[in-house]
Amino acid sequence: MIFEDPRYRNRIHVFRDRTEAGRRLAEMLRPAYEKGPPGWILAIPAGGVPVAVEVARALKWPLDLLLVKKLPLPWNPEAGFGALTIEGDLLVNREAMRYFRLTEEDLAWARERAREELQKRNRLLRGGRPYPDLSGKTVLLVDDGLASGFTMLAGVQMVRRKGVSKVIVAVPTASERSLELLEPQVDEIYCPNVRSGPYFAVADAYQNWYDLDYEEVLDFLKSLEKSSTP
C-alpha cells in the first residue's frame with residue numbers, strides 16, 4: 001500500500017531541505033506507529049540520514065544505517081545499473097546492462113567499486129559493528145528519494161533475509177515507476193511527493209540540495225544521540 005500526499009503530487013521544490021522532508025514524513029508515520037511497539041529505522045547514507053533522524057526523533061525508534069550502494073556506470077559514477085549491500089545482496093538491472101552494452105567484466109568492476117565504498121562506509125559511519133537482531137521486528141527503510149528504486153530494493157532483500165515481520169519504505173519523494181517496482185516487495189510505502197513523467201531527479205523535490213560528506217552524516221547521528229539522552 002502506498003501513502004502519499006495529494007497536495008504534493010507532481011510538484012517540485014516542495015521541501016526546504018532534507019530535515020524538513022523528514023519532519024513531513026514523520027507527520028505521516030506518527031498516527032500509525034507512534035504508540036505501537038518500537039521497530040528499527042535503517043537509513044541509507046548519505047542523504048537518507050538527515051531524513052531518518054527526524055523520523056527517529058518523532059517515533060522514538062532506534063536508528064542504524066542500511067549500507068547499500070548503486071553499481072556505478074564506468075563512465076558516470078553518479079548513474080547506476082543495480083545495487084549491492086554490505087552483506088553481499090546483489091541486484092542487477094539487466095535491461096540497463098543491455099541498453100548501455102555493459103559486459104560481465106563491467107559488472108565485476110562496478111561490484112568491486114561498490115564493495116570497497118561499502119566497506120569504507122561501514123568502517124567510518126558504523127564502526128564495523130554487527131547489525132542488530134531484526135527478527136520479528138518492523139523495519140522502516142529511509143532515504144531522501146527514489147529514482148529507479150533499485151538501491152532500495154537491494155536493501156529490502158537484505159532485511160527480508162533477517163526475518164523481519166514488516167518492511168516499510170519511507171521517502172520524501174519518488175518516481176512513480178520506482179514505487180511500482182517496490183510496492184509488491186514491501187508492506188507499506190510512505191511518500192508525500194510522488195512524481196510521474198519521463199524525467200525524474202530526487203534533487204528537484206528540494207529547495208536546498210547538496211551532497212553530504214561523511215562528517216556531516218556523523219554530525220546528524222550525534223545530534224540524534226544528544227537529543228535522546230535524558
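In what order do the strands of the open sheet of six stand, and with which pairing?

1. **Before you start.** This is a predicted model, where local features need pLDDT of at least 70, side-chain atom pairs count only at pLDDT 80 or more, and totals for chains, interfaces and linings use all residues. Residues are numbered from 1 along each chain as its sequence is written, and side-chain values use heavy atoms, with hydrogens and water left out.

2. **The six-stranded sheet.** The order is E1-E10-E8-E7-E2-E3, and the pairing is parallel. Helices (H or I, at least four residues) and strands (E, at least two) are DSSP runs, numbered from the N terminus; two strands pair if DSSP finds at least two bridges between them. Strand E1 (2-3) and strand E3 (63-65) are at the edges with a single partner strand each, so one side of each has no neighbour in the sheet.

3. **A pair to look at, and its helix.** Strand E7 (residues 138-142) pairs with strand E8 (residues 166-170) in the parallel sense over five bridges. Look for Leu-140, whose bridge partner in E8 is Ile-168. Helix H5 (residues 150-161) packs on this sheet, touching strand E2 (40-43), E7 and E8. Contact means heavy atoms within 4.5 Å. The direction of H5 makes about 160° with that of E7; axes are lines fitted to C-alpha atoms, for helices over the stretch in contact, and angles run from 0 to 180 degrees between N-to-C directions.

4. **The three-stranded sheet.** A second open sheet has the order E4-E5-E6, with antiparallel pairing. E4 and strand E6 (90-92) are its edges, each with a single partner strand, so one side of each is left without a neighbour in the sheet. E4 and E5 pair over five bridges, and in E5 the bridge partner of Lys-70 is Ala-83. H5 packs on this sheet too, touching E4, E5 and E6, and its direction makes about 15° with that of E5.

5. **The largest pocket.** A pocket is an open set of points on a 1 Å grid over the protein atoms alone, where a 1.4 Å probe fits, with protein on both sides within 12 Å along at least five of seven lines; lining residues have an atom within 4 Å of a point. Here 46 residues line the largest pocket, and those nearest its centre are Lys-70, Glu-78, Ala-79, Ala-147 and Thr-151. E5 gives the most to this lining, with six residues.
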